[in-house]
Amino acid sequence: MSRTIMFVFAHPDDETFTSGGTILELAQQTDTKTILYSATPGDAGKCGEPPLCTREDLATFRRRELEEASRLLRIDDLIIDDFQDGKLSDLPSGVLKNRVLKQLQVVKPDVVVTFPPHGLSGHPDHKAIQQATLQAVQETSSEVKELYYATFPQSVASETGNPAFSDPDEAISLVKSFSQEHMNVVKEALLAHKTQHLSVERVFPTIKQDSAFMKFNNKEYFICAWQHPQYNSGPLLT
C-alpha cells in the first residue's frame, strides 16, 4: 500500500531536529512519499558566528540549507512558504490554517506530522503551526488518516536537559529507533543548517567530534494526536 507522509513545521531545521531519523527511514521505503512544508524561510534566525551571510541574505541562505538537508534526508517534495519568521502567531485568525489546509488539499497526505501544542522549545511559531495544522487536518476533506506530534518523553528531557518542554512518558504512542549508520546521515542533515550551528551545537555539543553521534539515544518519539473517525486500521507512521 502506497502512502504519503507530510511533515509540517515552522522553520528550516525543525524537520531534522524533531524527525530527521524518521523522515530518512520513510524515504528509504519504496511505497512511501515524504513531503516537507516549512511555513517560513527562517529569516529571523541566526547568521552564524562568525556570520556566514548578511541579515538581508539569511532567508536565501536558509532556503539553500533546507534544500541540502532535504536532499540528505531524501525528501521527495519540499515546500518553503514565505510567512515571516517569528510572526506566525501574529497572523490574522485563520490565515495560517487556511494555507496549511490548501497544502493538504493539494498533497492529500495519509499522515501529517507537526509539533506538539507546547512546541518543544515554547517558540510561538512552533505553537502557531501546531494549532493551524490540527485545525486544518480536522477540517480537510482530503485523505488524512492520522496526525502525529513529534515530541520527547519527560524522562529524556530530564536526562538531557533538552528540550524545554516534553510530554509524559505514558503519552508516547510511538518510539522509533535507528542504527548508528542511519543517524550519521541525520548528523549531516543537521550540519547542513550551517547558519544555525550555534543552536545545533547547543543541543548536540559533540556533533563535530569524531566520536559516534547520538541523537537522544538514536530514538524519536511521537504522539498520535488525531485519527480520522472512519479510519480503523493500524498506525501508518511505523
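Which residues point one way from β5, and which point the other way? In this predicted model, Glu146, Tyr148 and Ala150 point to one side of the strand, while Leu147, Tyr149 and Thr151 point to the other, and all of them are buried. In a regular strand the side chains alternate between the two faces of the sheet. The points below begin with the whole chain and then return to this strand.

**Overall fold**
- The protein chain contains seven helices and seven strands, and from the N terminus on these elements follow the order β-α-β-α-β-α-β-α-β-α-β-α-α-β.
- Because a compact globule of 238 residues would have a radius of gyration near 18 Å, the 17 Å of the protein chain agrees with that expectation.
- Along its principal axes, the C-alpha trace of the protein chain spans about 50 × 40 × 35 Å.
- When contacts between residues at least 6 apart in sequence are considered, 78% of them join residues at least 24 apart.

- Of the 238 residues in the protein chain, 54% count as buried, and the chain exposes about 10700 Å², of which carbon and sulfur atoms supply 48%.

**Strand β5 and its partner**
- Strand β5 covers residues 146-151, and since six of its six residues are buried, the strand is largely enclosed by the rest of the structure.
- Strand β4, made of residues 111-114, pairs with β5 in the parallel sense over four bridges, and Val111 stands opposite Glu146 in β5.

Definitions and conventions
Residues are numbered from 1 along each chain as its sequence is written. This is a predicted model: local features need pLDDT of at least 70, side-chain atom pairs count only at pLDDT 80 or more; totals for chains, interfaces and linings use all residues. Side-chain values use heavy atoms; hydrogens and water are left out. Helices (H or I, at least four residues) and strands (E, at least two) are DSSP runs, numbered from the N terminus. The radius of gyration is taken over C-alpha atoms; the globule rule is 2.2 Å times the number of residues to the power 0.38. Buried means under 20% relative accessible area, exposed over 50%, partly exposed in between (1.4 Å probe, protein chains only). Contact means heavy atoms within 4.5 Å. Accessible areas come from the Shrake-Rupley method with a 1.4 Å probe; for residues, only the protein chains shown count as cover. Two strands pair if DSSP finds at least two bridges between them.
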